[in-house]
Amino acid sequence: MSVPKDLKYTKTHEWIRVEGTTAVSGITDHAVKMLSDLVYVDLPELGDLTEKGHPYATVESVKAAEEINAPISGEIEAVNEELIDSLETLSKDPYGAGWLSRIKISYPDELGTLLGPEEYEKLLASAPEHGGH
Amino acid sequence: MKTTPLTDWHIRSGARMIDFFGFHMPVIYTSISAEVEATRRRCGLFDLTHMGRLEISGEDREAVARDACTKDVTKVPLGAARYGLLLTEQGTVKDDVLVYREADLVHVVINCSNRDPDHRHFLDHVRGRRATVRNVSDEQTMIALQGPLAGTILAPHTDTDLAGLGYYRFCHARVAGAPVLLSRTGYTGEDGFEIFSTVADGPRLFETLLAAGKPHGLLPVGLGARDVLRLEAAMPLYGQELTTDLNPLEADVAFGVSMKSDFTGKAALVAVEKAGVARRRIGFESVSKRVPRTGMDILSGGAKVGHVTSGTASPTLGRSIGMGYVPVGLAAPGTELSVDAKGTAIPVKVVEMPFYKRER
């Protein structure tokens, strides 16, 4: 399971890449593998306000719909519209071309509450796999 | 958690495992869409040991089975299997089953979640007659081989002439040298076989069929894809399309009921037939990529008129499909409805079932 070193993570398997005052966000390789067979993504609207830890997007697979939590509080500056028609991008490159949104960070303090790559790897190692149906 | 003789194999092969009604079962080996595609075009191999199996023996076995199940076993040809239901006195569905008639035995294949209640159901129908009902679920391995190449893959490994074994027929046979009950049945909408063996022979049978199928593109298939396959074939699932709140006429499974037989629940069902049903099981599809899911409300003109019992994205059809219950006036194919996905309306249209039908 790939966990890039330059990202920050949440316990619910989202990632962000901090770029100045904004954060590019997505879901992790682990999350994509757990969902399997993605069929639909519902992205937030430009200008939507996100609240860290609260749902702001939905990803559906053949067997399940999962809420994606906002990894950080802020304002949606951009969303990856290309995913809507090519979800395989999200499966193939979850940390690159499969990004979900760009969020203007409201509270830089929140960054300290996110997991580093080592902490996230530890979480993956300890968490029992949860399945679908 | 309960295991099957194949649990170790599933774990070793890297399957994602879940707790399925107390059984440690594989839900995905590779991916749901790959496993569905393999089964539709080539072949899939399934561990179904979690399903329950009963055997009724003794002189009065057929009279007992006839009282307990809607399908009159005495009308089933010897060596054939038929779909039937176990009903409450109120005529609602306790389980759906397959009844197999042999010269001296009646086999019943039941749902995993109903192993004990169904055993009790048949025991309650013995009523002092000469019949023994045994729950043999833990004494067998049950494997399914499903898909257009199932016969091609199985033929070199059995002594039985498969061309002579028709759909919904079964026989005693040898597969990979092991004595089995070989049945041309399944829950996928494809041609295929269900194979009942001893616990000890299970792993070798499974690995023999897996190796035999490899050159043909066979994949092991988990419960995730199994649910998609049966849903594409519009086969009802106990606990979702069939419950003790519903009767067989509402569920559109009257083909499993011998109305001339005198089974438990018959009187209630006759009354329902006379009065007519108010709601009916429907199949619907959507062009939306959003997927209707179990439990979501079905709406007509903004008002709730029913609920979704099963829904999935169909890899075979490339659209979302589902089943549910609505008033009979809204059940005609072509009727436009919507499904409430947490505030978002998914437009759906009632269609004829099954959604997918294999070419014969």
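How many bridges join strand β6 (residues 93-101) of chain B to β7(B), and do they run parallel or antiparallel? Four bridges join the two, and the strands run antiparallel. This is a predicted model, in which local features need pLDDT of at least 70, side-chain atom pairs count only at pLDDT 80 or more, and totals for chains, interfaces and linings use all residues. Residues are numbered from 1 along each chain as its sequence is written, while chains are lettered from A and ligands numbered from 1 in the order in which they are written. Helices (H or I, at least four residues) and strands (E, at least two) are DSSP runs, numbered from the N terminus. Two strands pair if DSSP finds at least two bridges between them.

**Strand β7 of chain B**

- Five of the five residues of β7(B), residues 106-110, are buried, so this strand is largely enclosed by the rest of the structure. A residue is buried if 20 or more other C-beta atoms, placed from the backbone, lie within 10 Å of its own.
- Val106(B), Val108(B) and Ile110(B) are buried on one side of β7(B), and His107(B) and Val109(B) on the other, leaving both faces covered.
- A hairpin of four residues leads from β6(B) to β7(B), and Arg101(B) stands opposite Val106(B).
- Strand β4(B), residues 52-57, is joined to β7(B) by five bridges in antiparallel fashion, with Ile56(B) having Val106(B) as its bridge partner.

**The sheet in chain A**

- Three strands form an open sheet in chain A, in the order β4-β6-β7 with antiparallel pairing.
- The edges are β4 (38-42) and β7 (65-69) of chain A; each has a single partner strand, so one side of each is left without a neighbour in the sheet.
- On average, neighbouring strands here are turned by 25° against each other, direction ignored; the axes are lines fitted to C-alpha atoms.
- Four bridges link β4(A) with β6(A), residues 55-61, antiparallel, and Val41(A) has Val59(A) as its bridge partner.

**Where the chains meet**

- The contact takes 19 residues from chain B and 12 from chain A, two residues being in contact if their C-beta atoms, placed from the backbone, lie within 7 Å.
- Elements giving two or more residues to the chain B side include β1 (16-20), α2 (32-41) and β16 (303-314) of chain B.
- The largest share of that side, four residues, comes from α7(B).
- The chain B side divides into 10 nonpolar, four polar and five charged residues. Ala, Val, Leu, Ile, Met, Phe, Trp, Tyr, Cys and Pro count as nonpolar, Asp, Glu, Lys and Arg as charged, and the others, Gly among them, as polar.

Notes. A residue is buried if 20 or more other C-beta atoms lie within 10 Å of its own, exposed if 12 or fewer, and partly exposed in between; C-beta atoms are placed from the backbone. Axes are lines fitted to C-alpha atoms, for helices over the stretch in contact, and angles run from 0 to 180 degrees between N-to-C directions.
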